[in-house]
Amino acid sequence: MTSKQLLPVYDKPLIYYPLSTLMLSGVTDICVVTTPEHSSAHQDLLGDGSQWGVRIKYAVQNEPLGIPDAFNCAAPNLDTSQPCFLILGDNFFYGVGLGREIFANIKEMFATCLGFEVANPEEYGVAKFDLTGKLIEILEKPSDPPSNVAVTGFYHFPVSVFHLVSDLKPSSRGELEISDLLNIYIRKNILELRTIERGTVWLDTGTPRSLINAGRYVEVIQERQGLMIGSPDEVAWRLGLIETSQLERNAMSVIGSDYGKNLLKLI
Ligand code: G1P
């Protein structure tokens, strides 16, 4: 069985989409955390990142101990004196509201997460607000959601995250929960929830159907506009992380595919 993150969403692997989102946010030092059995496939696909002008390292999570445990796994590969982003490998964002603006003017000590209104909040971490509209808690997949504001899988954490994860206790399903980590920041009054505007899309890819729907979405937009969604090659080139000659090499390495041909068309 391959990793979900390596499955195609229309014309490129799922992981390209969150990777592009990260790069658009200005991130150039990346650590990919995978299960032991899927690490080499990720490394084969993404390499050391130099083809996109970024640095990609790899860490392995030996046991499924939950999302926050990724910080423990990745710490030896990261500069833990710097704040960091976390994006889940199946989170798909697209739209004008992304890029550097979404996490602009972050307060150094604060954790920041993104809220998005959905019809099925019970499948996510859900924001609970008091009567004044203040965020008071994030509930993980509640059966009776207190709002329809889901917390997406794209977060920004201050340096404190690397030691705060050790304060977490496993939930009833035996995992450390990202919502519990965020709740620590809420209790300290240093969590900011930013709302993603309606014009920006956050898609689910967690089920076979949602994965296919995400692919259809990409197909419709790309065919109509002739623009690519979620291409780290294009993002790297547009951000000036790579030269045109590198983009051309990247395109030629996959020229048998529509993806490669679309890259060449950019030049
Ligand atoms: C995880 C988080 C949840 C978050 C979601 C976003 O859930 O636990 O809080 O809302 O990602 O994609 P998962 O999809 O891993 O079950």
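Modeller: The chain has an accessible surface of about 13,600 Å², and carbon and sulfur atoms make up 52% of that. Areas come from the Shrake-Rupley method with a 1.4 Å probe; for residues, only the protein chains shown count as cover. Keep in mind that this is a predicted model: local features need pLDDT of at least 70, side-chain atom pairs count only at pLDDT 80 or more, and totals for chains, interfaces and linings use all residues. Residues are numbered from 1 along each chain as its sequence is written, and side-chain values use heavy atoms, with hydrogens and water left out.

Colleague: What share of the 267 residues counts as buried?

Modeller: That would be 48%, where buried means under 20% relative accessible area (1.4 Å probe, protein chains only).

Colleague: Switching to the ligand, which residues surround it?

Modeller: Among them are Ile67, Leu88, Tyr124, Lys141, Ile178 and Trp202. A residue is included if one of its heavy atoms lies within 4 Å.

Colleague: And which side chain has a polar atom 2.7 Å from a ligand oxygen?

Modeller: Glu140 does. Asn91 also places a polar side-chain atom 3.1 Å from an oxygen atom of the ligand, while Val151 uses a backbone N or O atom, at 2.6 Å from a ligand oxygen.

Colleague: How much of the ligand does the protein bury?

Modeller: The protein buries 79% of the 380 Å² that the ligand exposes when taken alone.

Terms used. A polar contact is a pair of N or O atoms within 3.5 Å; within protein, one must be able to donate a hydrogen and the other to accept it, and residues adjacent in sequence count only if both atoms are side-chain atoms. Buried means under 20% relative accessible area, exposed over 50%, partly exposed in between (1.4 Å probe, protein chains only).
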